[in-house]
Amino acid sequence: EGLAKSGITLEQIEHLHRRFKQISGDQPTLRNLRQAPDGLADEINFEDFLTIMSYFRPVEMNMDEEQLDHFRKEKLKFLFHMYDSDNDGKITLQEYRKVVEELLSRNPHLEKESARSIADGAMMEAASICVGQMEPDQVYEGITFEDFLKMWQGIDIDTKMHVRFLNMEPIAHCH
């Protein structure tokens with residue numbers, strides 16, 4: 001029933017199941033991409049994996065404006081929750097730094113300080129978009145979901161952020 005709501009066809013589910021088994025090494029669960037805070041699973045099963053993938057399915061041609069808007073908001077809500085690790089409805093500078101550091105940690109040319117300054121710059125940009133001119137003693141508490149929507153306004157996430165469900169060839173393993 002939950003899978004039927006995902007908007008993914010049976011054929012796509014079969015392809016994704018094969019891919020899930022390849023990624024997980026034929027295990028029933030897959031380790032989460034980052035350390036999960038309290039209350040969130042540290043490992044995900046296939047149904048969780050499908051739910052996540054459903055947020056990134058391509059836009060359907062027959063969607064009207066209202067459906068497109070809902071689809072876009074759901075995708076942004078999913079992304080927002082990836083950053084908001086304590087689930088308090090706000091992305092703080094610390095949370096943002098942590099995600100940026102994790103995303104850039106595999107780049108050997110970027111030091112932790114560089115990742116930190118990228119996150120700090122992004123938060124300053126967010127504050128200028130969402131609050132406007134701030135007073136010298138004013139502190140920007142963090143990005144709310146409404147702020148997050150403002151920041152993504154005009155950016156075509158529907159075509160930039162989707163997974164194309166092609167016939168998935170087996171992944172070549174390097175030894």
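**Salt bridges up close**

Modeller: Lys73 and Asp69 join their side chains in a salt bridge, at 3.5 Å from N to O. By that term I mean a side-chain nitrogen of Lys or Arg within 4 Å of a carboxyl oxygen of Asp or Glu. Mind that this is a predicted model, where local features need pLDDT of at least 70, side-chain atom pairs count only at pLDDT 80 or more, and totals for chains, interfaces and linings use all residues. Residues are numbered from 1 along each chain as its sequence is written, and side-chain values use heavy atoms, with hydrogens and water left out.

Back to the pair: Lys73 and Asp69 sit four residues apart in helix 4 (residues 65-83), so about one helical turn separates them. Helices here are DSSP runs of H or I, at least four residues long, numbered from the N terminus. Lys73 is partly exposed at 36% relative accessibility, and Asp69 is partly exposed too, at 40%. For those labels, buried is under 20% relative accessible area, exposed is over 50%, and partly exposed is in between, with a 1.4 Å probe and protein chains only.

Helix 4 also holds Lys77 and Glu74, three residues apart and about one helical turn from each other. Their side chains meet in a salt bridge at 3.7 Å, N to O. Lys77 comes out partly exposed at 34%, as does Glu74 at 26%.

Then there's Arg97 with Asp120, whose closest N and O atoms are 2.9 Å apart in a salt bridge. Arg97 belongs to helix 5 (residues 93-104) and Asp120 to helix 6 (residues 112-130), so this pair ties together parts 23 residues apart in sequence. Arg97 is buried at 16%, whereas Asp120 is partly exposed at 24%.

Methods. Helices (H or I, at least four residues) and strands (E, at least two) are DSSP runs, numbered from the N terminus.
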